[in-house]
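Work through the exercises below with the model at hand. Try each task before reading its solution.

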Amino acid sequence: MSRIPVVVAEPVWQFVRGLAPDPRRRCKAALLALPDGDVRQLEGEYAGFHRLRVGSLRFVYRLKSGRIEVFFAEQRHLVYDLLAAHIARLVAGDQGGPAEK
């Protein structure tokens, strides 16, 4: 079975690079293992998006054009407060699309 390509936006990679070594390793491994892992489909205003949980961190992604696009990452206590504005920008124009890694 072939893997679904995973595309991670540069701001997400910057977020991961800013972490301490152990969380950074866990996040990289989890991102590259998508769609496996602690994932859940989001509901309500976030329907159509999914989240990956890595400890206290959340990564938000969508399935688009046959690939997984990871476009947002943040601490659990902040992610859903900041996500609505980010999704509005993403849906409005898909500007600054993710760069494949």
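**Exercise 1.** Find how many residues of strand β5 are buried.

*Solution.* Strand β5 covers residues 67-75. Seven of its nine residues are buried. Buried means under 20% relative accessible area, exposed over 50%, and partly exposed in between (1.4 Å probe, protein chains only). Strands (E, at least two residues) and helices (H or I, at least four) are DSSP runs, numbered from the N terminus.

This is a predicted model: local features need pLDDT of at least 70, side-chain atom pairs count only at pLDDT 80 or more, and totals for chains, interfaces and linings use all residues. Residues are numbered from 1 along each chain as its sequence is written, and side-chain values use heavy atoms, leaving out hydrogens and water.

**Exercise 2.** Determine which way β1 and β4 run relative to β5.

*Solution.* Strands pair if DSSP finds at least two bridges between them.
- Strand β1 (residues 6-8) runs parallel to β5, joined by three bridges. Val8 has Val70 as its bridge partner.
- Strand β4 (residues 57-64) runs antiparallel to β5, with eight bridges. Here Lys64 stands opposite Arg67.
- Two residues separate β4 and β5 in a hairpin. Ser65 in the turn has a positive phi of about 55 degrees.
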